[in-house]
Amino acid sequence: MSSSDENSVSKSSAGSDTSSKTIEQLMKLLSLGEELTESQQKQMKDYKFWKTQPVPSLDEKIDSEGPIDATKTPDDVPDQPFPLLKDFQWSTIDIEADDQLEEVYQLLYEHYVEDEDATFRFKYSHEFFKWSLKPPGWRKEWHAGVRIKETGKLVAFISAVPITLKLNKSGKLIPSVEINFLCIHKKLRSKRLAPVLIKEITRRVNKQNIWQALYTAGVVLPSPVSTCRYTHRPINWSKLHDVGFSHLPANQTKAGMVAFYSLPNATKTKGLRPMTEKDLDQVFELNKEFHNRFELVQDFKKEELSHWLLGGKSTDSDSNVIKTFVVENDEGKITDFFSYYLLPFTVLNNPNHDELGIAYLYYYATDHKEDGYKQRLGSLVNDALITAKKFNVDVFNCLTSQDNPYFIKDLKFGSGDGYLNYYLFNYKTWPLHGGIDPQTKEVVDDKSSGVGVVLL
């Protein structure tokens, strides 16, 4: 359940790149429980809400794997929405209607994520929302809003999209949802709308006989199945410095920092090109085989993978949101692919720059085996960095999930001080390695994580 707003400043150690305003401050804000007031955060940390939910307690010893509550059916779920305060009313948002999509856009742009100094703000686009909210199987009723009765103004929103999770050790498939875009108007965050929004989207999902969810939080809630760390790779260090994102470390020069993070103009991998629909069959099989490496993955149907890697039907041309590249050898075989999505920041109150280009590593796969695997993976992601420059990306982000620890250090990704906790709703399983040492929280080089699913 990705959402937002912990106004604490965190710092990135990308190389020697540290700032009082960093990517992670905003990245952390994309997690459940962080768009709450201080008092609401305290309640979350006291677990008053989560104690009422089917989640493992923090001190619970996991001795088996499976649903926590498997007794309910859709007939047990109320047909009516959860009650709201008298001034508010529920509204199902039709994101296919341009005016309602614009309402969601405006709500999230103004109230979803912003650093405490009002310097940076996520710049979602209509295309991004169509891509993220309309995968195969999406349901209109899973886009839930709250309006003020008197004016009809949209003041809160939450969404769910269908996913199928797979636990590779047991082979279990779990019909689930990913919850996203939990957003509440800044002036209404004392109205305790967040728990009601979560309960209401749960009710709507349960009515479709789906009882599990995967969600993330920057705060610790009962009870993480894994924890990953944020890492960041500056591409345009000079611009990051100009907008106050990065400061000049001691004993360094601006020219030296630019040189340190410089990248070639041309990619290295032979046969690298943008993915097209005709590549889907091969990419589907490659992805399926590759993701056997991880313990928790998303089990894609072919049409789902097409949507997430090619932008689905959100556009009539190449996607401006998701970028996917494949490597085709001389025999016409797809041997590798990588993808990343673009979600820029608006830069406020800066005379020279109004936007930062941000890329987020998404899914990738290669048929290369253990011999030379690390080198191949690093080469592919380095090419991802190079291609990202063409889309005006200033910084490239990734977590310590998937096999990212194999290349993080070599490709000059800096470990931030932000962490992302992964949670399963109404399901318990053994803890998964998150690519970091459980005690020191440092990146564990050259070791695969157990987390193979990527949440937006």
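These legends describe close-up views of a predicted model.

**Figure 1. The whole chain in outline.** The protein chain has 456 residues, and 59% of them count as buried. Its secondary structure comes to 10 helices and 19 strands. Among contacts in the chain with a separation of 6 or more, 77% join residues 24 or more positions apart.

**Figure 2. Helix 4 within the structure.** Helix 4 spans residues 126-133. Six of its eight residues are buried, so the helix is largely enclosed by the rest of the structure. The buried residues are Glu127, Phe128, Phe129, Trp131, Ser132 and Leu133.

Figure 3. Strand 14 covers residues 345-347 and is joined to strand 4 by three bridges. Arginine 121 has threonine 346 in strand 14 as its bridge partner.

**Figure 4. Asparagine 349, between two strands of that sheet.** Asparagine 349 lies in the loop that runs between strand 14 and strand 15. It is exposed, with a relative accessible area of 75%. Its phi is positive, at about 60°, although asparagine 349 is not a glycine. Most residues other than glycine have a negative phi.

Figure 5. Strand 17 takes in residues 395-399, and five of its five residues are buried. Both faces are covered. Val395, Asn397 and Leu399 lie on one side, with Phe396 and Cys398 on the other. Strand 9 runs antiparallel to strand 17, and five bridges join the two. Strand 16 (residues 358-366) pairs with strand 17 in the parallel sense, over three bridges. Histidine 232 has asparagine 397 as its bridge partner, and tyrosine 360 stands opposite asparagine 397.

**Figure 6. The second largest pocket.** About 350 Å³ of space lies in this pocket. Its lining consists of 21 residues. Those nearest the centre are Ser226, Thr227, Asn421, Ile436 and Lys441. Strand 9 (226-234) and strand 18 (414-425) are the elements that give two or more residues to the lining. The largest share, four residues, comes from strand 18. By type, the lining holds nine nonpolar, seven polar and five charged residues.

**Figure 7. Leucine 424 in strand 18.** Strand 18 also holds leucine 424. This residue counts as buried, at 5% relative accessibility. Leucine 214 is 210 residues away along the chain, yet the two C-alpha atoms are separated by 4.8 Å. Beyond its neighbours within four places in sequence, leucine 424 is in contact with Val55, Leu165, Ala213, Leu214, Tyr215 and Thr429.

Figure 8. The peptide bond from proline 222 to serine 223 is cis, with omega near -15°. Most peptide bonds are trans. Serine 223 sits in the loop between strand 8 (212-217) and strand 9.

**Figure 9. Phenylalanine 181 in strand 7.** Phenylalanine 181 lies in strand 7. Its phi is positive, about 55°, although phenylalanine 181 is not a glycine. At 1% relative accessibility, the residue counts as buried.

**Figure 10. Asparagine 168 in a loop between strands.** Asparagine 168 is found between strand 6 (154-167) and strand 7 (172-184). Its side chain reaches the backbone oxygen of histidine 291 at 2.9 Å. Not counting residues up to four places away in sequence, asparagine 168 touches His291, Asn292, Phe294, Glu295 and Val297.

Figure 11. Phenylalanine 300 has its place in the loop between strand 11 (296-298) and helix 9 (302-310). It is buried, with a relative accessible area of 9%. Phenylalanine 284 is 16 residues apart from phenylalanine 300 in sequence, and the C-alpha to C-alpha distance is 8.3 Å. With neighbours within four places in sequence left aside, phenylalanine 300 is in contact with Phe284, Asn287, Leu305, Trp308 and Tyr363.

Technical notes
Residues numbered from 1 in each chain as written. Predicted model: local features only at pLDDT ≥ 70, side-chain atom pairs only at ≥ 80, totals over all residues. Heavy atoms only, no water. Buried < 20%, exposed > 50% of the residue type's maximum accessible area, 1.4 Å probe, protein only. 1 Å grid on protein atoms, 1.4 Å probe; cavity = no way out; pocket = protein on both sides within 12 Å on 5 of 7 lines; lining within 4 Å. Points joined across faces, edges and corners; volume = space filled by probe spheres on them. Nonpolar A, V, L, I, M, F, W, Y, C, P; charged D, E, K, R; others polar. Pairing = 2+ DSSP bridges. Polar contact = N/O pair within 3.5 Å; in protein donor to acceptor, adjacent residues only side chain to side chain. Contact = heavy atoms within 4.5 Å.
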